[in-house]
Amino acid sequence: MPSLHALRDRLAGSVLHERDFRRLWVVGVLLYAVRWLEMLAVGVYTYQVTGSASWVAALTLVRLVPMALLGVPLGAVADRIDRRRARVATVSISFAVAVAVAAIAAAGRLELWHLVVSSFIGGIGWAADNPVRRAMLGFAVGPQRMAPAMSLDAASNHGCRVVGPVVGGAVLASSGIVGTLVVCAAVYALALLAARRVGARPVPASGAPLAILSGARETIAVARGDPRLVGALL
């Protein structure tokens, strides 16, 4: 059994002891949860309306395509912008889209193309979140504690894969698609409040051109030079 002093020292050295990290972590947990909640709710609703599993798969693909196409370019861009403003802007857009779709659903005018557009925009936000927020996590805790910070962030993501759909299923069963979309908008609002309170401001590269291809090549070169990163990617 660890002593009280050892436990206190461990807690004091925890990444959660950093205020900005806690706020960024809360933003991540809220966004992870609402994304998985949305995916379940949109998938179930789409199947109820169309009766087609292909449409359900297509909407999921629409949400994931931006991750594959824009992940590397957005990572290069994230090194040269004010990440705090980018984080707030990304969450603001997701919140605005969630409010718009909830309002359309409440008016009884929700159509499939609304969900296609909102899913694609949500996918762009998802793709932008990884390089921006995780770079800010590293800035908040420092390079020496990057490993526990990223581990906690990844564990939160996997945990929300379970919690998000469970909550989404319960809300969808009790309140329908309108109630579920309102809950999504409310969660995005909480994430936006947390994002606006983050004080960490990683300094963008000054005077550097927005060279996306060269930035992507540098990233790939760094990854190939570290066996741990190669193993993680594989």
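Tutor: Helices are DSSP runs of H or I with at least four residues, strands are runs of E with at least two, and both are numbered from the N terminus. The model is predicted: local features need pLDDT of at least 70, side-chain atom pairs count only at pLDDT 80 or more, and totals for chains, interfaces and linings use all residues. Residues are numbered from 1 along each chain as its sequence is written, and side-chain values use heavy atoms, without hydrogens or water.

Student: OK. How many helices and strands does the protein chain have?

Tutor: There are eight helices and zero strands. Along the sequence the pattern reads α-α-α-α-α-α-α-α.

Student: What span should α2 have, and how far apart are its end C-alpha atoms?

Tutor: The expected span is 1.5 Å times one less than the number of residues. For the 32 residues of α2 that gives 46 Å, and the end C-alpha atoms are 46 Å apart, so the two agree.

Student: How far does α4 reach?

Tutor: α4 covers residues 83-106, which is 24 residues. From first C-alpha to last it reaches 34 Å, close to the expected 34 Å.

Student: New topic. How much of the protein chain is buried?

Tutor: Buried residues make up 39% of the 234 residues. Buried means under 20% relative accessible area, exposed means over 50%, and partly exposed is in between (1.4 Å probe, protein chains only).

Student: Is Ala128 buried or exposed?

Tutor: Ala128 belongs to helix α5. It counts as buried because its relative accessibility is 14%. Its C-alpha is 8.7 Å from that of Ala86, which lies 42 residues away along the chain.

Student: What about Val62, where does it lie?

Tutor: Val62 lies in helix α3. At 22% relative accessibility, Val62 counts as partly exposed. Val62 and Gly123 are 61 residues apart in sequence, and their C-alpha atoms are 7.3 Å apart.

Student: Which helix has Leu70?

Tutor: Leu70 is in helix α3. Leu70 is partly exposed, at 31% relative accessible area.

Student: On to charges. How many salt bridges turn up in the whole structure?

Tutor: The search finds one (a side-chain nitrogen of Lys or Arg within 4 Å of a carboxyl oxygen of Asp or Glu). Side chains of opposite charge can pair when their charged atoms come close.

Student: Which side chains meet in the salt bridge?

Tutor: Glu38 and Arg63 do, at 3.4 Å from N to O. Glu38 lies in helix α2 and Arg63 in helix α3, so the pair ties together parts that are 25 residues apart in sequence.

Student: Are Glu38 and Arg63 buried or exposed?

Tutor: Glu38 is buried, and so is Arg63.

Student: How many cavities of 30 Å³ or more are there?

Tutor: The search finds two. On a 1 Å grid over the protein atoms alone, a cavity is a set of points where a 1.4 Å probe fits but cannot get out, a pocket is an open set with protein on both sides within 12 Å along at least five of seven lines, and lining residues have an atom within 4 Å of a point. Volume is the space filled by probe spheres set on the points, which are joined across faces, edges and corners.

Student: What volume does the largest cavity have?

Tutor: About 140 Å³. It is lined by 15 residues, and the closest to its centre are Glu38, Arg63, Val97, Ala98 and Ser118.
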